[in-house]
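Biologist: Could you take me on a close look at the part of this model around the ligand? I am new to this, so please go step by step.

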Amino acid sequence: MWSFHVFVLFGTQKHRTLNYYNFHNHTNLPKPDSENPSPDLTPPLGPSAMHRFAGLSPGAVVEEVAASLGCGVTAAAVAEFLDEQDELRCLRGQFLLPKVADLPPSDLSLVDGEEDCVYMVGNSLGLQPRNTQRYLQEELDKWAKTGVHGHTEGSRPWAWAENNIEELMANIVGAEEEEVALMNGLTVNLHLLMLSFYQPTTERHKILLEDKAFPSDHYAAESQVVLRGFDPQQSLLLLKPRQGEDTLRTEDILSVLEEEGDSVAVVMLSGVQYYTGQLFDIPAITAAGHRKGCLVGFDLAHAAGNVELRLHDWGVDFACWCSYKYINSGAGGLAAAFIHQKHKHSIKPALMGWWGHRLETRFSMSNEMDLQPGVNGFRLSNQPILLVCPLQASLEVFNMTNMQALRSKSVLLTGYLEYLIQHYYSPDRDQDQDQDPDPDRPPRPHVRILTPRDPKQRGCQLSLCFSVPIKRVFQELERRGVACDMREPSVLRVAPVPLYNSFTDVHRFIQRLEAALSAAADQ
Ligand SMILES: *Cc1c(COP(=O)(O)O)cnc(C)c1O
């Protein structure tokens, strides 16, 4: 058996501790076999190598590592050292990384087409898990050879295949297995949940959501209000950041709840904000909503598989999320819904289908609904096995580790990205470093990070706002084999995903950003 160590960051921004976390107990890490190339497990420098970094912030770790290696903080050697220390690095081999040459915008005169691309866009579409194709092929073969018998035969009987992986999904969000159902798409699930949880009255009719919620969530909330005969102008209570600020302050969310909670039927926020990358304080918001008698739900599209969640312990009433972002199930993959156990017998689906019927008697076709309790009663249709396969492949990779270990790596990985961006592009940099600026040279571009600086208030994504037009920079990055994501007017979303991105990926990203910025300036 192997033993594994990973460095873990604990605590608040004021008191961060870099500790060595030993996880002998979940050595589900990939076993070499004929299907999977054997993971690279050359022993790292040993636990003692990281011990001296205890108590340091990510930036301080970078500086310590550079000092101990006798190189500059921007050297590739720092990234290589951190990769050697990263006990999760072998998980990258569980995914298929596109080659630079295969990305349509790549310009092979600028970058080697044989290299792996710099994939920083797992917040939008996760990479394909290596076992996806095999699992799909198994089900296609079963269909070809046995037809209808596939419903009940094989390792993945179609009639309940999703049930076999719901526990893995529940682990990712800190839920009990019976609290989670895999079904439909995210927006569909949001509607199904709101149909039951949003029960407006004349006194309590509002939905509290972000002013700049993801469009689909906004439309869902708006149409639910209209469906109940209320006016969106009156019934959508929108949270805006303070003047001049990019993100919402928890204290402001809580005070809106304190002041207006009596008129709020449902709080419906995201877990991690898609545009800014802000992680909301889910337990505090849930508790504040409950104190005022509101039901509290979250759209976890950007939180599930990205940050640690404890949906059950926090008492969140309901939640939904898609699985194609951080959970790597492929475009349009099977989505998830959560309903807390406390509502198991009180909340009923507004719309029913045969898949909500108890499995034991589902096929007796009596037309007398024997509804499964809780979220399971919300199922409508039989699940698409072709969507179950890629999701299973991904959830099995998550099950080789856990969210705590992934999050520990994530804090350092994103902290490293943040550190390098600050180093090169902080607005104060010119005064500090360019003693004798060339008056003919255009000023260096600046980058402002919209995402909160406190690691506890963000996931892996950083949203970068540039002092130069973003479109050109984005195109130049794409030509250099970088996959990231631009949101008009000026934001670049960059997400180093701890499951498959390395510290070297972050380093390569920064190098290419530097090249892209000079190319864009030369236009
Ligand atoms: C990605 C995302 C969606 C997408 O909804 P689909 O129904 O999966 O198309 C909706 N809401 C949020 C917050 C998202 O991040």
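Modeller: Happy to! Let's start with Asp217: an N or O atom in its side chain lies 2.6 Å from a nitrogen atom of the ligand. Please keep in mind that this is a predicted model. In Tyr324, an N or O atom of the side chain is 2.6 Å from a ligand oxygen, and in Lys325 a side-chain N or O atom is 2.5 Å from an oxygen atom of the ligand. How much of the ligand does the protein cover? On its own, the ligand has 390 Å² of accessible area, and the protein covers 81% of that.

Asp217, Tyr324 and Lys325 are among the residues around the ligand, and with them stand Leu186, Thr187, Phe214, Asp299, Ala301 and His302. Sorted by class, this shell holds four nonpolar residues, two polar ones and three charged ones.

Arg444 sits in the loop that runs between α15 (429-433) and β13 (447-449). Is Arg444 buried or exposed? Its relative accessible area is 17%, and because the cut-off for buried is under 20%, Arg444 counts as buried.

How values were computed:
Residues numbered from 1 in each chain as written. Predicted model: local features only at pLDDT ≥ 70, side-chain atom pairs only at ≥ 80, totals over all residues. Heavy atoms only, no water. Near = heavy atom within 4 Å. Polar contact = N/O pair within 3.5 Å; in protein donor to acceptor, adjacent residues only side chain to side chain. Areas by Shrake-Rupley, 256 points an atom, 1.4 Å probe, with all protein chains shown as cover. Nonpolar A, V, L, I, M, F, W, Y, C, P; charged D, E, K, R; others polar. Helix = DSSP H or I, 4+ residues; strand = E, 2+ residues; numbered from the N terminus. Buried < 20%, exposed > 50% of the residue type's maximum accessible area, 1.4 Å probe, protein only.
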